[in-house]
Amino acid sequence: MEAIRAEGLTKRYGSTLALDGLDLRVQPGEVYGFLGPNGAGKTTTIRLLLGLHRPTAGSASLFGIDAWHDPVAAHRHVAYVAGEPFLWPSLTSAETFAFLARVRGRVDADYERELVARFRVDPDKKVRALSKGNRQKVQLVAAFASRADLLILDEPTSGLDPLMEAAFRETVAEAKERGQTIFLSSHILSEVEAVCDRVGILRGGRLVDEGTLEQLRHLSAHTVEVTFAGAAPPLPPLPGVSVAAAGESALRLEVSGELRPLLAALAELPVVALTSREPSLEEIFLHHYDATDGRVG
Amino acid sequence: MAASGSAAIGRRAFHDGRVRTLSFAALFAFMAYVNVSGYEHSFPTLRDRLVFVHSFGDDASVRLFYGQPYDLLHVGGYVAWRVGGFGAIFAAAWGLLAAVRALRTEEDAGRWELLLAGAVRRRDAFLAVLAAIAGGWLLLWLGLWLGCVAGGLAVGGSAYFALAALTPALVFAGVGALVSQVAPTRRLALELGMVVLALAFLLRTVADTSSGAAWLRWATPLGWAEQLRAFADPRPLVLLLPLGVSAALLWAAGAIALRRDVGSGLIASHDRRAPRLRLLSSPTAQALRAERGSLIGWLVGVGAFAVIVGVLSTTFQVARLPPTIRRELARFGATLLTPSGIIGFYFLFFVLAISLFACAQVVAARREEAGQQLETLLSLPAGRRRWLAGRLALAVGGAVALALLAAVLSWAGARSQGADVSLPDMLGAGANCLPVTLLFLALSTLAFAAWPRATTGIAYGLVSVAFVWQLFGAALGAPTWLLGVSPFHHVGLVPAQDFKALAAAIMLALAAAALALAFALFARRDLTGE
């Protein structure tokens, strides 16, 4: 049974279509990266997955339990870190942990202590006096210490410094090792690239691409940079090869499909340096977004 | 550049408070108009007026709200008393809310910091906020003045009266500005301001109701408004007091605002403490923990008022009146002349206060949703129906406690003066507060479920309009069926009158229906942020 399953999940706010027929499956134990720029529908998706908003059409279920119709049962499996870390301003961090744990009904107290130390949370400080990043840490500690089967994280590292970002990655790795499922909404590509098994890219309320990083890379173009002795000569037209940028004596090429024809052509030319690399997630991501602007990715 | 920046801040502050300001202005205009036109209607002859002067006009318990009358034989003096005494309290509350909202609330939310990061000097930003408050005050003045003039009072006299009645707003805007500098949070600032307002009210109460304490009127801004004696014996020089004090408070607030760190207050906020783990076992327990302070405030306020009402209930001595006047008085409802009659009349104000408390609880629930704490709660295994039911249980529990306290303490107050009032009767008066309270609780909850962003306005608006309509609608000559729209119209003045069982049953049935609808709607709607 899937940890998350959405079928034709659609949400309309007045005349705005925020989410348009999303189909999503996340297997138990998987770390799923949910990518998209601001306004793509990431938070809407999460609110539907948690049954906080009602789907206009379609359905969402967590571990086979419908999120809208039976949220309490579904939430027994879930811990959530909200994108905006609003907590109860008059409670201290320790009181917040106690409150959330009691309402949830379970907590791993030892692990909580470990996480408090790891994330350097000051347990006696009131939430009111915490910066955004520190409130985010309080949420993260509470969520991971619950050892919930499924962690739904909405841009959890916004506001964290690089040290804490590293602590976050460590904690995600531990959760994954224990077999917990993680749904990580983000627009920090390096983070998703570092921790996620599978990635979905959301644009305008639709899932435009999904797969493992290898799969996504395979479908996208390689980047080949060539430096010549002297001025860059004209290249013969080759299928799947386009010139992305041209300098005095260098070319940057985008190659989709086979590299061999290009290499054969280059063998005839005075090449002094050649680099080839797979596209980064950033390039895959930008590729999907640039297309909407009419620019060629 | 800087000038346009501070102008924008001023406009923004004015815009933020416009609904509240316009509501208060409309209320003042309505109260003034109704009382002007109602005077001729209620007291057509000199004889009627004399009877009134020697009965209610003399009664200490009536002065509790309306203050000291100076001339009840003419419509102007009557309006200055009826509207001015009551209105001064409203005006003070407006001034306090306006200043705290524009200064401390903005700073608490971090928006003030954002504004000051722009090309605006602190002094200019502060002055811009004061200008916005002054603009709002001018609207209140215009409303009150127009209400008087529309009813037929003299233009000049009305202008002076409106100025006099609204001087507490100026003083309490100063108080609000100062507590906004002292307190580090919105909540503490409001609490401090409310304490000052309660003290001012208490001083006026003592000055107006105890013999030999009239000099205390000089010690409270609410008393200064009385001392201006509009329409009776105007003393414009007294204006120097409120204007001077207001200016001094604002100057002090400004001086502090220029010196302290943005985001802090003179009182350091206690941001660290060892964990206190009581009342954290469920969302409802935590809500009780959060509302504890305000619940205690309500209990103290209602309790103090109940004691005062009880003690004053015996001040009206029918036996002292000449027999002819006693006969005339019967026309005005003789039940009001006994201690239980006066208590019964004042319990209408307890019904109002407890209904407002119930509304405040729904507004607090809404604030938990708007602040997105509810989103965090409902992502846990906590159901939304249960959360709402817990919040409502808290409201009902608080309302019952308030009603019980009002009953017991006003009984104790009356007994201390030897009045013949029985405890069971008074408990009945307390219970009599609850059907209306539950109805308004249910209607506020329905507003919360159906139009979450409008919760505050609808909740407080319904109660206020219904109450004002009950107090003054009759003076406008409105037909009975139209008066009956207000739930307050159907409250029997227990213990002097009988409990109106049918009306109570209908209100409870309506409340149940509204609650059922509210739960159904809330279960189906999206959580809604600010």
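Which helices of chain B are included in what covers the buried residues of α10(B)? The legends below take this predicted model one view at a time.

**View 1. Helix α10 of chain B and its cover.** The cover includes α4 (60-66), α5 (75-108), α9 (167-182), α11 (221-227) and α13 (283-312) of chain B. Among the buried residues of α10(B) are A189(B), L190(B), L192(B) and G193(B). Further along, L197(B), A200(B), F201(B) and R204(B) are buried too. Helix α10 of chain B runs over residues 186-209, which makes 24 residues. At 1.5 Å a residue it should span 34 Å, and its end C-alpha atoms are 34 Å apart, so the two values agree.

**View 2. Where chain A meets chain B.** Chain A brings 31 residues to the contact, and chain B brings 28 residues. On the side of chain A, α2 (71-75), β6 (78-81) and α3 (93-104) each supply at least two residues. The largest share, 8 residues, comes from α3(A). By class, this side of chain A has 16 nonpolar, 5 polar and 10 charged residues.

**View 3. The surroundings of L392(B).** L392(B) sits in helix α17 of chain B, residues 384-416. Is L392(B) buried or exposed? It counts as buried, because it has 23 C-beta neighbours inside 10 Å, and the cut-off for buried is 20 or more. Leaving out residues up to four places away in sequence, L392(B) touches L441(B) and T445(B). V362(B) is 30 residues from L392(B) along the chain, yet their C-alpha atoms are separated by 7.6 Å.

View 4. In soluble globular proteins, nonpolar side chains tend to be buried together. The largest nonpolar core here has 235 residues, and F183(A) and V129(B) touch the most other members. Its largest share, 18 residues, comes from α5(B). Beyond residues up to four places away in sequence, V129(B) touches I9(B), G10(B), A13(B), A102(B) and L103(B). A second, separate core has 7 residues, including V224(A), V241(A), L253(A) and V255(A).

**View 5. An open sheet in chain A.** Which order do the 4 strands take? The order is β2-β1-β4-β5, with antiparallel pairing. The edge strands, β2 (16-26) and β5 (65-66) of chain A, each pair on one side only. Strand β1 of chain A, residues 4-13, pairs with β2(A) over 7 bridges. One bridge joins K11(A) to L19(A) in β2(A). Helix α1 of chain A, residues 42-49, packs on the sheet and touches β1, β2 and β4 (57-62) of chain A. The direction of α1 makes about 65 degrees with that of β2(A).

Conventions:
Residues numbered from 1 in each chain as written. Chains lettered and ligands numbered in written order. Predicted model: local features only at pLDDT ≥ 70, side-chain atom pairs only at ≥ 80, totals over all residues. Expected span 1.5 Å × (residues − 1). Buried ≥ 20, exposed ≤ 12 C-beta atoms within 10 Å, placed from the backbone. Contact = placed C-beta atoms within 7 Å. Nonpolar A, V, L, I, M, F, W, Y, C, P; charged D, E, K, R; others polar. Core = buried A, V, L, I, M, F, W, Y, C linked by C-beta atoms within 7 Å. Pairing = 2+ DSSP bridges. Axes fitted to C-alpha atoms, helices over the stretch in contact; angles between N-to-C directions.
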